[in-house]
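Hi,

Here is the structure I said I would pass on. Have a look, and my notes follow below.

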Amino acid sequence: MRVNEKYSTLPAEDRSVHIINICAIEDIGYLPSEGTLLNSLSVDPDAECKYGLYFRDGKRKVDYILVYHHKRASGGRTLARRAQHGDQPLPGKAGPLGAGEPEPPLDYHEDDKRFRREEYEGNLVEAGLELERDEDTKIHGVGFVKIHAPWNVLCREAEFLKLKMPTKKLYHISETRGLLKKINSVLQKITDPIQPKVAEHRPQTTKRLSYPFSREKQHLFDLSDKDSFFDSKTRSTIVYEILKRTTCTKAKYSMGQGEGRKKDSALLNKRRKCDRHGITSLLANGVYSAAYPLHDGDYEGDNVEFNDRKLLYEEWASYGVFYKYQPIDLVRKYFGEKIGLYFAWLGVYTQMLIPASVVGIIVFLYGWATVDDNIPSMEMCDQRHNITMCPLCDKTCSYWKMSSACATARASHLFDNPATVFFSVFMALWAATFMEHWKRKQMRLNYRWDLTGFEEEEEAVKDHPRAEYEARVLEKSLRKESKNKEKRRHLPEEPTNKWRQRVKTAMAGVKLTDKVKLTWRDRFPAYFTNLVSIVFMIAVTFAIVLGVIIYRISTAAALAMNSSPSVRSNIRVTVTATAVIINLVVIILLDEVYGCIARWLTKIEVPKTEKSFEERLIFKAFLLKFVNSYTPIFYVAFFKGRFVGRPGDYVYIFRSFRMEECAPGGCLMELCIQLSIIMLGKQLIQNNLFEIGIPKMKKFIRYLRLKHQSPADHDEHAKKKQRYEVDYTLEPFAGLTPEYMEMIIQFGFVTLFVASFPLAPLFALLNNIIEIRLDAKKFVTELRRPVAVRAKDIGIWYNILRGVGKLAVIINAFVISFTSDFIPRLVYLYMYSENGTMHGFVNHTLSSFNVSDFQNGTAPSDPLDLGYEVQICRYKDYREPPWSEHKYDISKDFWAVLAARLAFVIVFQNLVMFMSDFVDWVIPDIPKDISQQIHKEKVLMVELFMREEQGKQQLLDTWMEKDRKKAEPCNNHSPAPAAPPPPPAGPDFPGGSL
């Protein structure tokens, strides 16, 4: 195997490479002279290192950045410590304390952080990384450590992480033939204007075989350009893995005297509890303030060098390309598989909303076209019927004519018509089709991104325990050790060396953590706190909804006392609109509060791994936000108007507020208003304005602070900032949970109550077109570059989507059955109608009440408000009339309608579930062509290794033949020795002789 000696794959400890030794540059493949380095630094150091993208030699690329806040050292303690341990500073612009400068006051806390940084960075050097420090920056008090991974470290870690890399072997991808090929070519020509202009997005006819990287099989890979073999995403991932598992556990402290010794001892004890961890713990403890990989360069400007970030900004993160497909492969190349899968999922979801939006518009237009032919609404609007309705509240409200609710009845038909049932069935099948389509798309991406052999078990290899978990484990082990000490005190003990005992005590906690684990008993207080807190938060949500209900009731009663006829005629619209706005504001505020509470509850559970932490956080946040977003809608859909009682025997809240009723046309129209305002408000305010406004505001505040610190030279400093300084001012990446959460909540609005609002998919589509570009712009321009994470699916979010899809079938069945008048109309049409039409349906759904049966103090204060005396008023319910023997009892019609409603729920739910499962069964999860390509890759890989083994065998046979021919002349000129024993017979030695 030919390996360039400049790129030795030996581990760092074998090569004794140290960043401080300038000769070590030769070991990593660079051979500049000392004079060259000095000249390059004196000419234009910023240009040589491409403004922070490279080390000062202009050749070693910066793969990762560590940021820390620094102060002047506390004089003699630092110098004494360095002299004692023989430490040398990292190369860079860290200026030493001058002899003429006054010694600053002692700061043991800052010294502790500095010592830990030095120890940690020394361990990174021992791991093979190369570091360079820069404290002479434009940002006051902030220092940067630049990290570079040389070739041998990249190879070692890529083999450890089992990273699949492309080999030299190329093969042709099987193409469709016949009619499908013609269709695909036509579609490509049609969609060509909306394709992004990036090389990664073009259809490929060939693909390289990929194989987990191995240093022993480097000849399989194309290493002609070693600088670009591992791209920036892969390099930063490798460095981050080293940062996570590199620890600083040595207590390099030279104790002082007096108070200093006590403080040092306290700090040492603190370090013993939290120093077993890597970069995550150091960030949490403030040793480093940030850690991030660099962006590839600037994304805008005339003289900006072309890079992937600029290409993403032009072809993906710009609002001008909203009509184009996303360059998903380029997104994955720059940000990693996990973020690439999110945007791929968001793109598939948005595409699938197009047919749902078209059907929803058709259903809405059908309701609009048939509103004038709807007999029930015509009867309600016909003033000749002269139907007098009972008061909507006690005393202050008067009798009212049903014709006054004409507009509400006509509007209800837009959403409450036979097409709504069809649309509910369609959306249930749409959800199932969307899930299957995404699974197939996911498999295609796994094939293209070489994730087909990637398993979660491989990822678990690098899934290190969280810093908080190991701190708790160490704390538990120390408590356990202290208890053992107390037990041993009562036993006679042999005299031992004090220093040896002190070392054993210091190392005891570290050794015990390998055996001690957190059990359910350790977590029981946290579990109990979680349960109580979640129940309390849900109770708070219910209490707020109850408060809004009381507001609606009291406001309706107050508006009914108004002398203005226009105000009294619009009571329902006014109360509904204001109540929904209050709900919207409360939902947005509580969403932020619940997000913080869910994170705090997850932290106190102390999950072991980041994956476990993320899944628990997602579950809690989704539960709280689901309840918060949908409780007001559930109330209107299933509870409003169900438990009001009847005139003369109403149900009261706190014995003062009468439960509110639905409009004569039903609660579906009010449900539609509630759903539309909350959905659109959340999308407009929470998802868009917050995502645009808050980052802009934070950026403006940072600009003002920087200008305040150096007002004179601010513009000059801004121009000369290094890449790592510019990226430090960006917002840190906070994970994909908020992005997924807002889309899942929107998915719930689209599917759960779609029977009441067919236009929900359309508004979701319009929002997502903006959301994709908004998120893209945020990732490219507003956030620091996140560490690339490998993933083959969207994780727990897929299960949540499936759960919401199943729940949507049940909820839509109940909405159609109990909230709308679809079932009562069918029952009347086939059981009670005399002429087979809907004439008389409104009168059939109304019951009669004798006004003389009002309870004392509940009758209208102005019974002649309509201009005549009312004897009988009507209310919506199925009850016996006052002249019946069992007056005001529930009638048989109620039980007939209830039976029909329940039967519809059962039939609808089972039928739609069966159809969804059928769609799931019919559509295979893995496309046939992808399955064939995966099989083809395996066969080609086996053939490649077989040819390699055959080549080795042939080479070995050739060497053996040459050795035999060289030995024959020697045997001919030498005296005949004694006859050797014949070799055993075998396939290689037939007849027992050569």
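Helices here are DSSP runs of H or I with at least four residues, numbered from the N terminus. This is a predicted model, where local features need pLDDT of at least 70, side-chain atom pairs count only at pLDDT 80 or more, and totals for chains, interfaces and linings use all residues. Residues are numbered from 1 along each chain as its sequence is written, and side-chain values use heavy atoms, with hydrogens and water left out.

Leu801 sits in helix 31 (residues 796-819). Its relative accessibility is 1%, so Leu801 counts as buried (under 20% relative accessible area, 1.4 Å probe, protein chains only). Setting aside neighbours within four places in sequence, Leu801 is in contact (heavy atoms within 4.5 Å) with Trp345, Met435, Ile744, Phe747 and Ile794. Leu801 and Phe747 are 54 residues apart along the chain, yet their C-alpha atoms are separated by 8.0 Å.

Now the nonpolar cores, meaning sets of buried Ala, Val, Leu, Ile, Met, Phe, Trp, Tyr and Cys residues joined through side-chain atoms within 4.5 Å. The largest has 127 residues, and Trp345, Ile794 and Phe335 are among those with the most contacts inside it. Helix 15 (residues 337-369) supplies the largest share of this core, 15 residues. Apart from it lies another core of 46 residues, including Tyr120 and Ile279.

Asn583 counts as buried because its relative accessibility is 5%. Beyond four places in sequence, Asn583 is in contact with Val548, Pro632 and Gln674.

Cheers

How values were computed: Buried < 20%, exposed > 50% of the residue type's maximum accessible area, 1.4 Å probe, protein only. Helix = DSSP H or I, 4+ residues; strand = E, 2+ residues; numbered from the N terminus.
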